[in-house]
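Open the structure in your viewer and keep the selection tool at hand. Each stop on this tour names something to select and then says what is there.

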Amino acid sequence: MKEAVNLLGKLKTSEREKLPGLTWLDTLPRDVPSEETKAALSKYHEVTHYQKKSNVKADFVYLLTRDLAEAIGKNTTNKSARALSARHIEVQIIGDGEGNVIHLWERDCSIQRRHQKVIEMAPAWSLPDELRAELHKYATQLTSAAKYKNAGTVEFLVDAQNRPYFIEVNPRIQVEHTVTEEVTGIDVVQTQIRIAGGATFEEIGLKQENIKPRGVAIQCRVTTENPERDFAPDTGTISLYRHSAGAGIRMDGVGYSGLAITPYFDSMIVKYTARGSSFAETVARMKRVLIECRIRGVKTNIPFLLNVLTHPEFETGVVTTAFIDENPGLKKVSESAWDFASDEQSDQRKVGAKERLIRYLANLAVNGHPAELGADPTKIKSVSSSGVDTTKKLILPEGASSTGGMRKILLEQGPEGYAKAVREHKGLLLMDTTWRDAHQSLLATRMRTKELERCAEYTNTALANAFSLEMWGGATFDVAMRFLHECPWERLESLREKVPDVPFQMLLRGANAVGYTNYPDNVVHKFCKQAHASGIDIFRVFDSLNYLDNLQLGVDAAGAAGGFVEGAMSYTGNVADPSKGKYNLEYYMKLADELVNMGVHSLAIKDMAGLLTPSAAKMLVGALREQHPNTPIHVHTHDTPGTGVASMIAAAEAGADVVDVAIDAMSGMTSQPSMGALVSMLSGTESDTGIDKSLVGGLNTYWENVRSLYLPFESGQLSGSSDVYEHEIPGGQYTNLLYQSRQLGLTDKWPEIKRKYAEANMVLGDIPKVTPSSKVVGDLAQFMVAQNLTPQQVEDQAETLAFPESVVQFLKGDIGIPPGGFPEPLRSKVLKSRGLEGLDARPGASLEDYDFEEAEKLLKEKFGAKFIDEKDVLSHAMYPNVFTEWKEYESIYGEVSKLPTDLFLSPMKEGDEVEFDLSPGRRVIIKLVSITPPREDGQRTVTFEINGERWLMSVTD
């Protein structure tokens, strides 16, 4: 090599003139000041001297000198500076050592990163023929003069004016030789070996006039590098390795499924070479190859290569060595989108979708569910024994169809018109809570969207005459992200599309929206506006303390969004029992007046624990009806004591327009009263619900099967509990506390926990108990049980006790002001001992507006602009940590919402096989073949067969 490179320095001036423009360094001093010229030449001599003293590659020397040329030529018209943004063309030559040299045409190697070639093509089809011939001549004359032997390349830069500049002679076969072999049909490696063995051109059959390019060939180097981390090498185990093939495709590589990729070797794993009759055909073939090949388990540069191949500039066939630097977006592969025929290959997230789901199944098989999911491991059935088809859609009987439903009235006449229609309606209207409060109360809010979707169209017809479906808000929002790894907005919009005829209702926690804390006013307003746009029709607005200022914000936000606003009174005590204290009939009548004055469209009695007895229902509803004859009255209760149906009938007889029920299979106990019971009992009466019992029957059978899937989330409660009238624990909290006590082995302490709950409520001043105030009472009750404290001891030791944070926040005023004020002297003692000031106004009133633009900018920087929209920003505003953790979880395990529920919940075991549609038309059969014992590094290998193809997933035990 040194002889070839140094040859130029030995040539006479007359000989050098025969090779014009070849030594680009000779042009370096032109057009620059003399001092800079001297400095440049001095640096050049240092570099070349270093090269002679070591084995530094000539292209490394070139890098240093080129950088120098760029610095010097920055403000000049220097030829070398212009050449820096140039095409890199190399001529493949073969010499016999006797002065005979032939060329195998040229290659365009301009697609480079850090001066390392990424994509090469042969020939450089877009070069002018005259320049091509000139380069061939330069290359052969130079190497012939040096009596070059074996294969090599003579490399040039070509500037925008098609002027060539010599770089170096590379005396070896290069990685990209395959493109030359494909277009010439000459085996370069074999030819070099034969020449090294003494064969002549004639013996090999090499004649320059016979060497012609056949079409165009392109090579892509596939490496295990992460383009978004500046091509940092990735490591791990290849879980799947499958090549693409077809006409005009060549593959050079040695990968396989299970191959461990370490950081100690070259990151290139395979080379693909495509050949076609034209550049366009070759590019199309290469794109197909990269789309169809499967290398999973480690990051690769394939999406980056696809970005290059689909870039408009590349498609012209003329790019320079600065192409990648000038287009940094090529490296942002997570946001890439391609217009391919296959939608599953249209962006990088979809490309890796199956791999991420398999990783979820592998991790679940090895480690099971995290404890915080709350699934009882003793009740989790294996996939093969679930006995329930979790993919079957509920089909309507022939001839059954919706007649338009109640929502048509709401859409046509607006909230005021709907309220009027409800008041004029003959019969009792129902709201079905199955899609929210029923499973929140019975199954810890763990119901997945899939189960709702499979019965959605049936429900749209069966309950077309219902007032509404409660299906969003409350705990469903954060649980969707936190435990189910789903998007709550996608649930809403997907179900809205499938249920166009029944109004959707949500539970809005007043100033807390769907959170557990206070938010700036603009957050609550924007949230309600988006909820309405995504499909919510009716907003049930409540405050856990019936605090008017908090209620006002929720009512204003829901109303401004265009929703039907239902003002809810959180019910506690017993209006029929004068001994029950401050929550008497007068209290609720005054509260109802305040809500009506706020402009609500209907009034709701929100009985969270099932305290509303038939006599109390008759008294309260009757009084409300008399005082507000034009306002619809909606009654909500829980069936914890077993009196729910009787209470709802009493409410209807007293003038209620709507009552809440749940489908039979999801009703009773801490859920709502039975829909079937009310429909049957009121059939043919003045309070007839208008619900078709025959259709409800099919829906009930569906939910019976679904509920069996969620057995791990059942609390273990087997009957109602009439002692709720003493402890007043809300329905959902009741099941949660019961489940927690059993998990902690405190079943025998359950009566004490309930008793302490009642005591804690009185310590806090006897407050309404609903999220988040119910959590305050529950936390204090558990604290009193753990510390074995009496109410008197709590008050006496208030200055020294380490109260739960929720209790301190309540006493400070962070969730509002309770009816009758705060308990004293408890509040003063707690705040004074902690140096805190109490709040005596709406907690969120002083909060500055949330900067949505800044939040969106930061989220897009973190997760990619393509994957963040306004709804994501709202989710983050509500639950920043939960949202972030969900997005990070999704990046590892994908959209697990696509998995059937039995597969999502039940860890697969060796030999288990499942079959389901990953998407319409994409059916997958998954078999878990084996799980290895843990290795020294704690890793296990889980082997699957996916549609008969082996996948190997490494999982940390």
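Predicted model: local features only at pLDDT ≥ 70, side-chain atom pairs only at ≥ 80, totals over all residues.

**Stop 1: helices H23 and H24**

Select residues 548–560, which form helix H23, and residues 585–598, which form helix H24. The two axes come within 10 Å of each other and cross at roughly 30 degrees. An angle under 35 degrees counts as roughly parallel, and H23 and H24 are therefore roughly parallel to each other. The crossing in which H23 passes H24 is right-handed.

Now show the side chains where the helices meet. On H23, select Leu548, Leu551, Gln552 and Val555; on H24, select Leu591, Glu594, Leu595 and Met598. Sorted by class, the residues of this contact are 6 nonpolar, 1 polar and 1 charged.

**Stop 2: helices H34 and H35**

Select helix H34, residues 805–812, and then helix H35, residues 826–834. At what angle do H34 and H35 pack? The angle is about 110 degrees, and the axes are 9 Å apart. Angles of 65 to 115 degrees count as roughly perpendicular, and that makes H34 roughly perpendicular to H35.

To see the contact, pick Val808, Leu811 and Lys812 in H34, which meet Leu826, Arg827, Val830, Leu831 and Arg834 in H35. The contact of H34 with H35 has 5 nonpolar residues, 3 charged ones and no polar ones.

**Stop 3**

Select Asp849, in the loop between H35 and helix H36 (852–863). Is Asp849 buried or exposed? Asp849 is exposed, with a relative accessible area of 59%.

Asp849 and Pro520 are 329 residues apart along the chain, yet their C-alpha atoms are separated by 5.5 Å. Leaving aside residues up to four places away in sequence, Asp849 touches Pro520 and Asn522.

**Stop 4: helices H36 and H38**

H36 and H38 pack at about 25 degrees, with their axes 12 Å apart. This makes H36 roughly parallel to H38. Their crossing is right-handed.

Show Leu859, Lys862 and Phe863 on H36, together with Phe883, Thr884, Lys887 and Glu888 on H38; these residues make the contact. By class, the contact of H36 with H38 has 3 nonpolar, 1 polar and 3 charged residues.

**Stop 5: aromatic rings**

Colour the aromatic residues. How many aromatic pairs does the structure hold? There are 31.

For one of them, select Trp125 and Phe279. The ring centres of Trp125 and Phe279 are 4.9 Å apart and the planes are at 35 degrees, so the pair is tilted. Trp125 is in the loop between strand S3 (116–122) and helix H6 (129–145), while Phe279 is in helix H10 (residues 279–292). The two are 154 residues apart, and the pair links distant parts of the chain. Trp125 is partly exposed at 34% relative accessible area, whereas Phe279 is buried at 7%.

Next, select Tyr360 and Tyr893. Their pair is edge-to-face, with 6.1 Å from centre to centre and 80 degrees between the planes.

Finally, select Trp472, Phe477, Trp489, Tyr516, Phe527 and Tyr879, which ring pairs link into a cluster.

**Stop 6**

Thr476 is in helix H20 (residues 476–482) and is buried, with a relative accessible area of 4%. Which residues does Thr476 touch, not counting those up to four places away in sequence? They are Arg436, His439, Gln440 and Thr445.

Arg288 belongs to helix H10 and counts as partly exposed, at 26% relative accessibility. Not counting residues up to four places away in sequence, Arg288 touches Ser244, Ala245, Gly246, Ala247 and Ile249.

How values were computed: Residues numbered from 1 in each chain as written. Heavy atoms only, no water. Axes fitted to C-alpha atoms, helices over the stretch in contact; angles between N-to-C directions. Helix = DSSP H or I, 4+ residues; strand = E, 2+ residues; numbered from the N terminus. Parallel < 35°, antiparallel > 145°, perpendicular 65-115°, else oblique. Left-handed = near helix turned anticlockwise from the far one by under 90°. Contact = heavy atoms within 4.5 Å. Nonpolar A, V, L, I, M, F, W, Y, C, P; charged D, E, K, R; others polar. Phe/Tyr/Trp six-rings, centres within 6.5 Å; stacked < 30°, edge-to-face > 60°. Buried < 20%, exposed > 50% of the residue type's maximum accessible area, 1.4 Å probe, protein only.
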